[in-house]
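Hello,

Here is the structure I promised to pass on.

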Amino acid sequence: MVRRAHHSLLVPALVAVTLSACSIGQKPQRPAWRTQAENACLAERRVNPSDYIALAPEVDGPGICGLTRPFKVTALQGGAVSFNATATLDCSMVAELDAWLADTVQPAAQARFGQQVVQINSMGSYACRGMNNQRGAQLSEHSFGNALDIGGFVLANGREITLVRDWRNGDDQTRAFLMDVHRGSCGHFSTVLSPGSNAFHYNHIHVDLALHGRSGRSICKPAPQETLPPPDPSPLIAQGRAPPAPDDETDNDTTGKPPLAAFEGPGVGARDGFGPVAGPEAYAPPPPPLPPRRDGIGQLIEDPDPTSSIGRRRTF
């Protein structure tokens, strides 16, 4: 005896099979927060298109890779800092890189080298790939234009600084500059991976704005270290910061009068190791001489000798 399946059980099964068949042909969608972040950045005008920053058509795929409102970037800081190659980045990354240059990279370069950075040598922006270029790995933030790999910098005098050479083997100030950049990057980006973080980042600094879980935690590797202070800008400034040596001449007064500070402090007339300190009245002009004295009949009266303690007798 064959039992018939109840129609109330068959209908849900058919619906499930139909939906499953439809979903096979659907294109996977990027997480909604990515498009929301791009739109919010544009609405806030954090990036203004220019000769160096241009809006480009949407990058749609493969898969969920791509950007809704990508920018093609050839330079930042109003054209003052160029890229060695055009970078494809989302709005938030463009805005954060510009701020990072202004308050981290340029101050560090000026302090360490006395000049500005004029070029970023990029090793990659948008690319639909797995983390660390590993097949089968989770998608990298590069897949969404939300990351940049920085291989080095070029200074205004043409000097090139590279991560692969100078992170470990550069001179003291160059190594300190790169570590300053690394430390400052951790204040701007949610992910910063520099040489020493793992084997894949031996030659560049990776920065991105990934959303790390609900807590919004950040990743900064290796741990930032304190660096030596920058050099003094010039020997004259360095000399000005040091107290004068005991034998140095420090009298720079050109007025011919003693400074008022000479009469301040313990009080006018106070004593030191060299005797009493004269007050300002000691430098006043002398009074005019008195007229000669005469007696009742018009004869001159001679004054006693000022150098003698014995008065001179008057002769008649």
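**Disulfides in the model**

Cysteine 41 and cysteine 91 form a disulfide, with their sulfur atoms 2.0 Å apart. Keep in mind that this is a predicted model. The link of cysteine 41 and cysteine 91 is left-handed, at -70 degrees about the S-S bond. Cysteine 41 sits in helix H2 (residues 32-43) and cysteine 91 in helix H3 (residues 91-113), so the bond ties together parts 50 residues apart in sequence. Both cysteine 41 and cysteine 91 are buried.

The search of the whole structure finds three disulfides. Another pairs cysteine 65 with cysteine 128, sulfur atoms 1.9 Å apart. That link is right-handed, with 65 degrees about the S-S bond. Cysteine 65 is in the loop between strands S2 (59-60) and S3 (66-67), while cysteine 128 is in the loop between strands S6 (117-124) and S7 (147-155). They are 63 residues apart. Cysteine 65 counts as buried because its relative accessibility is 1%. Cysteine 128, at 34%, counts as partly exposed.

Cysteine 186 is joined to cysteine 220, S to S 1.8 Å. This link is right-handed too, at 70 degrees. Cysteine 186 lies in the loop between helix H5 (172-185) and strand S9 (191-193), and cysteine 220 in strand S11 (residues 219-221), so the pair ties together parts 34 residues apart in sequence. Cysteine 186 is buried, with a relative accessible area of 19%; the cut-off is under 20%. Cysteine 220 is partly exposed at 25%.

In sequence order, the bonded cysteines pair 1-3, 2-4, 5-6.

As for the chain: it has six helices and 13 strands. Of its 316 residues, 32% count as buried.

Best wishes

Key:
Residues numbered from 1 in each chain as written. Predicted model: local features only at pLDDT ≥ 70, side-chain atom pairs only at ≥ 80, totals over all residues. Heavy atoms only, no water. Helix = DSSP H or I, 4+ residues; strand = E, 2+ residues; numbered from the N terminus. Buried < 20%, exposed > 50% of the residue type's maximum accessible area, 1.4 Å probe, protein only. Disulfide = S-S within 2.5 Å.
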